[in-house]
Amino acid sequence: MQLSDLAKMIDHSLLHPTMTDAQVRAGCELARNYGVATVCVKPYSIPLAREVLEGSSVAICAVAAFPHGNSTTRLKVLEAEEAMAAGATEIDVVANIGKVLGADWDYVSQEIRAVNEVVVGRGGLLKVIFENDYLEDSHIIELCRICSRHKVAFVKTSTGYGFVRQKDGTYSYKGATVPHVRLMRECADPAVQVKAAGGIRTLDDLLRVRDLGVTRIGATATEAILEEARRRGIC
């Protein structure tokens, strides 16, 4: 295992709603320095990311219907089309969580198919975000079946922003838990990769999900993870 192998597992996340252009630029420069897989940005940041990453091996991933998945199917397709036209090669789209919870599987399936077709048709990769904190295992299993049937590139655990109200009135989320990651890897077709996002903050977190079959993570703690790898002698 080399440092470059770990770096290419990381989508460096630049998605916080308060991020300024200066912060996005700095994040893209960090991603370029470490040679990660992609920077994951909001659609309007794609031109800035292209500028910073030009000539590097770091690709651009854009989100669609982020973080709640509530856009119409037509708007999700349009957002994916526009993002790819602007320079993204990977799209992370949020499933319609209400439709999933209501078991409207025809709607969910048709929407995932429509977005995947437009992304694949333009030579890109689609990742479908489930937002597992809101779901039961049965929902996750059916989403894996649908994504497998439509041959999406990745199934993904979380947005990192799926906060659930607790009994004491506070909001929190678990993100990429071991049971959910294991379930997704078991239920998705072997050709469908798994992306873990939400709470992956340390090298041990990355290695733990890697051992479960995860091939990509979403992280804001990219520098901390890779510097810890260096300190442990991974180069």
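Which residue lies over the face of Phe-154, and at what distance from the ring centre? Lys-127 does, at 5.6 Å. This is a predicted model, in which local features need pLDDT of at least 70 and side-chain atom pairs count only at pLDDT 80 or more, while totals for chains, interfaces and linings use all residues. Residues are numbered from 1 along each chain as its sequence is written, and side-chain values use heavy atoms, with hydrogens and water left out.

**View 1. Lysines over aromatic rings.** Besides Lys-127 over Phe-154, Lys-99 lies over the face of Tyr-107, 4.6 Å from the ring centre. A charge sits over a ring if NZ of Lys or CZ of Arg is within 6 Å of the ring centre and within 35 degrees of the ring normal.

**View 2. The largest nonpolar core.** This core has 75 residues, and those with the most contacts inside it are Val-39, Ile-91, Val-128, Phe-130 and Ile-217. Helix H6 (residues 105–121) gives the largest share, seven residues. A nonpolar core is a set of buried Ala, Val, Leu, Ile, Met, Phe, Trp, Tyr and Cys residues joined through side-chain atoms within 4.5 Å; buried means under 20% relative accessible area, exposed over 50%, and partly exposed in between (1.4 Å probe, protein chains only). Helices (H or I, at least four residues) and strands (E, at least two) are DSSP runs, numbered from the N terminus.

**View 3. Surroundings of Phe-130.** With neighbours within four places in sequence left aside, the residues in contact with Phe-130 include Ile-97, Leu-135, Cys-147, Lys-156 and Met-184. Contact means heavy atoms within 4.5 Å.

**View 4. The buried side of helix H10.** In H10 (residues 222–231), Thr-222, Ile-225, Leu-226 and Ala-229 are buried. They lie on the same side of H10 because they cover an arc of only 85 degrees around the axis, taken from the directions from the helix axis to the C-beta atoms. Their packing partners are helices H1 (3–7), H2 (21–34) and H9 (203–211) and strands S1 (10–14) and S10 (216–219).

**View 5. Aromatic pairs.** There are two aromatic pairs, counted where ring centres of Phe, Tyr and Trp (its six-membered ring) lie within 6.5 Å; planes under 30 degrees apart are stacked, over 60 edge-to-face and the rest tilted. Phe-66 and Tyr-161 are edge-to-face, 5.8 Å centre to centre with 80 degrees between the planes. Phe-163 and Tyr-173 are also edge-to-face, at 5.0 Å and 85 degrees.
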